[in-house]
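Q: I've got a model open and I'd like to learn how to read its features. Can you walk me through a few?

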Amino acid sequence: MTTRTRTRTATPRLALVLTAAGLMVATNIYGAVSAHADETPGVPPGTEASASAPVEVDVNDPDLKLPEGGTLAEPKVLDIKQVVEDQSGDERREDTNADVKFALQAEVLFGKDSAKLGAEAKARISAIAEEIKTQNATKIRVFGFTDNLGSSAHGDVLSRKRADAVQNVLDQELTDSNVTYEVRGYGEQYPIADNSTETGRKKNRRVEVSFPRTES
């Protein structure tokens, strides 16, 4: 009697195992490539939003309560200042909730150590006059300033003469009889830059024209 022994081949199972392993490797590689290629910006560590307050606050802390009879101050809108300066720095405009201020460097208005206005200066002052009309302003401040070179007395006189010259042009442009002026020469007082450099001194040699803005 002949006995036959059936031998089962392991090849298909091995192939199946290898195929599954290959799929896992391929999936891992694909996932790694996809994660690396994702250029969507993430949230920097430590800046994630949190539902809980960073510091525990004791609502019964007596320091958080108003003293007996105390009241809260009236709400107040803080003054916001916007400053725009041309590239050369010759002219600067400052806007706040209450006022508009133009600062013109002396070099674009006058010759050296002079209070005589040039043609370009009058055009710039005329543009300021148009803004004054737009704001319907009737109280105009014209202040002159110098650097700290020379005597303080000379700077006071020169800055006042320059302020007077600017005011005269504004007066010609503004025909409203209700307009009033405050004109002063402050000399080297109230510098806005460092007087130890020529760049700073140039900024300090200026005439400022300011006026209230229209109430909204």
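A: Let's begin with accessibility: buried means under 20% relative accessible area, exposed over 50%, and partly exposed in between, using a 1.4 Å probe and protein chains only. Asp164, with a relative accessible area of 27%, is partly exposed. Before going on, note that this is a predicted model, where local features need pLDDT of at least 70, side-chain atom pairs count only at pLDDT 80 or more, and totals for chains, interfaces and linings use all residues. Residues are numbered from 1 along each chain as its sequence is written, and side-chain values use heavy atoms, with hydrogens and water left out.

Q: Which residue forms a salt bridge with Asp164?

A: In general, side chains of opposite charge can pair when their charged atoms come close. The cut-off here is a side-chain nitrogen of Lys or Arg within 4 Å of a carboxyl oxygen of Asp or Glu. Asp164 pairs with Arg160, and their closest N and O atoms are 3.1 Å apart. The two sit 4 residues apart in helix 4, so about one helical turn separates them. Arg160 is partly exposed too, at 37% relative accessibility.

Q: How many salt bridges does the structure hold, and which residues are linked in a network?

A: There are 17 salt bridges. Arg92, Glu94, Lys101, Arg206 and Glu208 are linked in a network of them. Within it, Glu208 and Arg206 have their closest N and O atoms 2.8 Å apart, and both residues are buried.

Q: What span does helix 4 reach, and what is expected?

A: Helices (H or I, at least four residues) and strands (E, at least two) are DSSP runs, numbered from the N terminus. The expected span of a helix is 1.5 Å times one less than its number of residues. Helix 4 covers residues 152-173, 22 residues in total, and it reaches 32 Å from first C-alpha to last, close to the 32 Å expected.

Q: Which residues of helix 4 are buried, and what covers them?

A: Among the buried ones are Gly155, Leu158, Arg162, Val166 and Leu170. Their cover, judged by contact (heavy atoms within 4.5 Å), includes helix 3 (119-134), strand 4 (139-145) and strand 5 (180-185).

Q: In what sense do strand 4 and strand 5 pair?

A: Two strands pair if DSSP finds at least two bridges between them. Strand 4 and strand 5 pair in the parallel sense over 6 bridges. The chain goes from strand 4 through helix 4 to strand 5 in a right-handed β-α-β crossover. Right-handed means that, with the strands pointing away from the viewer, the path from the first strand over the helix to the second runs clockwise.
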